[in-house]
Amino acid sequence: MTFLEALSAGFIMVAQWESIFFLAIGVTIGVVAGAIPGMSATMAVALTLPFTFALQPIFGILLLLGVYKGGIFGGSIPAILIKTPGTPASSATALDGYPMAEQGRAGEALSMSLYASCIADLISNLALIVFAAWLASFALNFGPPEMFTLIVFSLTIIAGVSGDSLVKGIVAASLGLLLATVGLDLIAGSERLTFGSVDMRGGLNFIAVLIGLFALPEIIAYMRKSASADHRVRGMGYSKLKMVDFRRSLKSIFRGSAIGVFLGAIPGIGAAPSAFLSYSEARRASPNRDNFGKGEVEGVAAAEAGNNGVAGATLIPLLSLGIPGDVITAIIIGAFMVHNLTPGPLLFVNNADLVYALFIGLIASSFLLLIIGSVAIRAFRYIADVPSNLLFPGVLVLCIYGVYAVNNSIFDVAVMLVMGVVGYIMLILRFPAAPFLIGFILGPMLENNFRQALLMSRGDLSIFARGPITILFLCMTVISVVLIIRSTVKAARLKRELGAYGEKSAPQGPKT
């Protein structure tokens, strides 16, 4: 089958009304599931998988891909409106999205989230089509040493999400790294910080930590308000996104999309690190960097571009090499296997028409996401009109149900409640939650790749400078640390000078 014949056959497969129908249903399911705290895109894809077994291969795979695309965006809706990330990747969106909602700019934040998501998703899909083979071969060059140096560089984004105090950000990140070690050592098999508990041997559930850290502190803060306080959610309004704000955010959107494509093509990274890295780079390059974390629309754009840029790129190693790019694509492999399809190089030879049909369907999914997402944010924004004494108990019930449903474990619910208390204490002491979450996400990957690299080299540390990729990331890490120290010292010096100027200019009392 020639290229034009395969492309024509793929277009005919997607042009069927059933293909568009199942793709649209998938996007809708994903958006709704992503908007429910605890119902991640991974869970939505896993629950949808059995329904694809009786469908034709193209219909079933498009349905799952639609759920995947919709779920990644859907998590931003509760992250912006009630500071409860629907998916782990949307945690970065809450950093600026929720402050914007508090300022009555929820509509602006939601619109930017949707547009950035659709643009990044489209760019990621185009990258899959154009660079699939090349990016897949490049991703194969990443062994444990390359992954370790990449993660070390990624940890420098902590400075970008630490707020006014870098020291507090480092302390929070260190606590996240510490809790990430809870459970069984994957190499030695020994128990670490389990205190004899069987439930803790598997480590702390990520969804439980995420919900407890972001959602419960808001609920606890509400419960501690006086009875005379206003029992309605802060006015979130529905302000429109200004074209001037959209244009100045385009650089961050394209940068975040590129970061997402790059990290998505590397198996095992995931969307959350990409979102935080995109956010940090946008803050570093933006002239409005001081407004990040306080309600900056460019921060929402960068975070959403980073996590949605991963969606198409994770399919690159899946389709080209048969290697899943993340947990969701590992589930999607099941749909291929059920229909006697084997992802990898032979898929392009034996089922070229199906591959091109998927490519065309992915492009269509970006436009369907724009349409369905527009309807969704108009529907979900009315959550702002729900009285707090009804909203917050409802959110708490959803949090408990969502966390319990992941593993059917009461222990996970207990972890969520404990992390809620920890998160509230951090909120009172003004310790940022984002660095904690970054440390918790990257901690296991950092440790495992470090130890695997040392096993490969028999303890020789020179393996971390074994090639151009590792040297590049080490140099980028050093440059980032130098810039962080420089900016921190400069900010401290400016603060001292302003303080001294304020003391000199203060009015003097009458002489006696």
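1. A word on terms to begin with: a residue counts as buried when its relative accessible area is under 20%. By that cut-off, buried residues make up 54% of the 512 residues in the protein. Please keep in mind that this is a predicted model.

2. On the overall make-up, the protein has 22 helices and 2 strands. If we take the contacts between residues at least 6 apart in sequence, 80% of them join residues at least 24 apart.

3. The largest nonpolar core has 125 residues, and the members that touch the most others are Val45, Ile58, Ile77, Met112, Ile332, Phe336 and Met416. Helix 18 (residues 352-380) gives this core its largest share, with 12 residues. A further core, of 10 residues, lies apart from it and includes Phe153, Ile259, Ile266 and Phe473.

4. Phe336 deserves a look of its own. Leaving aside residues up to four places away in sequence, Phe336 touches Ile61, Leu318, Leu319, Leu341, Pro343, Leu347 and Leu358.

5. Next, a glycine. Gly70 sits in helix 4 (residues 57-74). Is Gly70 buried or exposed? Its relative accessible area is 0%, so Gly70 is buried. Beyond the residues up to four places away in sequence, Gly70 touches Val27, Gly30, Val31 and Leu369. Ile29 is 41 residues from Gly70 along the chain, yet their C-alpha atoms are separated by 7.1 Å.

6. Finally, a helix pair. Two packed helices are described by the angle between their axes and the distance between the axes. For helix 13 (residues 271-285) and helix 21 (residues 433-457), the axes come within 10 Å and cross at roughly 135°. That angle is why helix 13 is classed as oblique to helix 21. The crossing of these two helices is left-handed.

7. Which residues meet where helix 13 and helix 21 come into contact? From helix 13 they are Ala272, Pro273 and Phe276. Their partners in helix 21 are Ala434, Leu437, Ile438, Ile441, Leu442 and Met445.

Definitions and conventions: Residues numbered from 1 in each chain as written. Predicted model: local features only at pLDDT ≥ 70, side-chain atom pairs only at ≥ 80, totals over all residues. Heavy atoms only, no water. Core = buried A, V, L, I, M, F, W, Y, C linked by side-chain atoms within 4.5 Å. Buried < 20%, exposed > 50% of the residue type's maximum accessible area, 1.4 Å probe, protein only. Helix = DSSP H or I, 4+ residues; strand = E, 2+ residues; numbered from the N terminus. Contact = heavy atoms within 4.5 Å. Axes fitted to C-alpha atoms, helices over the stretch in contact; angles between N-to-C directions. Parallel < 35°, antiparallel > 145°, perpendicular 65-115°, else oblique. Left-handed = near helix turned anticlockwise from the far one by under 90°.
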